[in-house]
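Visitor: I would like to learn how to read the features of a structure like this one. Could you take me through it step by step?

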Amino acid sequence: MSSIRPHFETAAPAETAAPARDERRVWDLPVRVFHWSLVAGVLASYVTSRLGPEYFGLHLASGYLVTALVAFRLLWGLFGTRHARFASFVRGPRAITRYASGFLRGKPARHAGHNPLGALMVLALLATMFVQAATGLFSNDEIFNVGPLYTWVSEDFSLELTAVHKLLFNWIAAAILIHVLAILVHRLLTKENLVRAMWTGRKPAHAVNGDEVIGSSRLVLALLLLLIVIAALAWLVTHAPAAGISSFE
C-alpha cells in the first residue's frame with residue numbers, strides 16, 4: 001500500500017483534472033438566440049443591399065429583424081439574467097484600463113460573462129446597429145423604394161439619414177472585424193472558446209464560480225419582451241402614411 005500512496009498524493013486537484021464536459025451555464029437561451037439571429041440578420045441585410053432594388057422587400061425584412069433584435073437586447077440588458085444585464089458587465093474607465101493592461105501582458109483577468117473590453121464592443125455594436133436600423137426606416141433610394149417611415153420626415157432629411165445608413169455599415173463591418181479578431185486573440189491567450197460558449201451557453205467549470213452560474217433562462221419574460229417589441233414596431237410601420245414613391249404601391 002505504501003508504494004501506491006505517493007501516486008495519489010501527486011495527482012492533480014479535482015477542479016484542474018475535470019474533463020472538458022464539466023461546464024457551468026452563464027449564457028441564457030435568449031442571449032444566444034439573439035446573438036446568432038443578429039449575425040444572420042446583418043449578413044442578410046448586407047447581401048440584399050448589394051443585390052439591387054428588386055430585392056428591397058427582403059432587405060426591408062432583414063432590417064425589421066435587426067431592429068427587433070437590437071430593441072429586445074436593450075430591454076434584456078435591463079431585465080434579463082445575470083450575465084445578460086448591463087449592470088453586470090459594463091464597467092468604468094479604471095476597470096477597463098486594468099483589464100486592458102492585463103490583456104496586453106498576456107494575463108487577462110477571468111470573467112464569467114463579458115469582460116470590460118468585450119462590454120465596450122457589445123455597447124458599440126448595439127448602438128451602431130440600432131442607429132443603422134433606425135435610419136433605414138426613414139431612408140430612400142431616390143428611385144423606387146423607401147423605408148416604411150419615410151413620410152414622417154422631409155425629403156432632405158430622409159436623404160441625410162440615407163447617407164448615414166450607407167456610411168454607418170462600414171463602421172459596423174470594422175467593429176465586427178475587431179470583434180472577431182479579439183475573440184481569436186482571447187482564445188490564444190486563455191484557451192477559452194468564446195464562440196462555443198455563446199453556442200452552448202456554458203463555460204468550463206474552472207472559469208466560472210459556483211455563485212456565477214445561472215439557473216433559468218427566463219423564457220416567459222423574454223417572449224413577453226419580444227412580443228412587446230414586435231407589437232411596437234408593427235404599430236409604427238402600419239400607422240405611417242403611405243409613401244408616394246414606394247415600390248409597394
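This is a predicted model: local features need pLDDT of at least 70, side-chain atom pairs count only at pLDDT 80 or more; totals for chains, interfaces and linings use all residues.

Visitor: What counts as a pocket, and which residues lie nearest the centre of the second largest pocket?

Guide: On a 1 Å grid over the protein atoms alone, a pocket is an open set of points where a 1.4 Å probe fits, with protein on both sides within 12 Å along at least five of seven lines; lining residues have an atom within 4 Å of a point. Grid points are joined across faces, edges and corners, and the volume is the space filled by probe spheres set on the points. Here 32 residues line the second largest pocket, and Ser 45, Ser 49, His 59, His 165 and Lys 166 lie nearest its centre. Two or more lining residues come from each of H3, helix H4 (56-79), H7 and H8. H4 gives the largest share, seven residues.

Visitor: How are those elements named, and how does the lining divide by residue type?

Guide: Helices (H or I, at least four residues) and strands (E, at least two) are DSSP runs, numbered from the N terminus. For residue type, Ala, Val, Leu, Ile, Met, Phe, Trp, Tyr, Cys and Pro count as nonpolar, Asp, Glu, Lys and Arg as charged, and the others, Gly among them, as polar. The lining of the second largest pocket has 13 nonpolar, 16 polar and three charged residues.

Visitor: How much space lies in the largest pocket, and which element gives the most to its lining?

Guide: The largest pocket holds about 1300 Å³ of space. It is lined by 49 residues, and the closest to its centre are His 35, His 114, Met 121, His 179 and Ile 183. H8 gives the most to this lining, with 11 residues. The lining divides into 34 nonpolar, 10 polar and five charged residues.

Visitor: Why does Leu 168 count as buried, and which residues does it touch?

Guide: Leu 168 counts as buried because its relative accessibility is 14%. Leaving out residues up to four places away in sequence, Leu 168 touches Thr 128, Val 131 and Gln 132, where contact means heavy atoms within 4.5 Å. The C-alpha atoms of Leu 168 and Met 129 are separated by 8.6 Å, although the two are 39 residues apart along the chain.

Visitor: And where does Ser 139 lie?

Guide: Ser 139 lies in the loop between H7 and H8. With 11% relative accessibility, Ser 139 counts as buried. Not counting residues up to four places away in sequence, Ser 139 touches Val 146, Gly 147, Tyr 150, Ser 158 and Thr 162.

Visitor: How many aromatic pairs does the structure hold, and how do I read one?

Guide: A pair of aromatic rings is described by the distance of the centres and the angle of the planes. Rings of Phe, Tyr and Trp (its six-membered ring) pair if their centres lie within 6.5 Å; planes under 30 degrees apart count as stacked, over 60 as edge-to-face and the rest as tilted. The structure holds four such pairs. One of them joins Trp 36 and Trp 199: the centres are 5.7 Å apart and the planes lie at 65°, so the pair is edge-to-face. This pair links distant parts of the chain, with Trp 36 in helix H3 and Trp 199 in helix H9, 163 residues apart. Trp 36 is partly exposed at 28% relative accessibility, whereas Trp 199 is exposed at 60%.

Note on methods
Residues are numbered from 1 along each chain as its sequence is written. Side-chain values use heavy atoms; hydrogens and water are left out. Buried means under 20% relative accessible area, exposed over 50%, partly exposed in between (1.4 Å probe, protein chains only).
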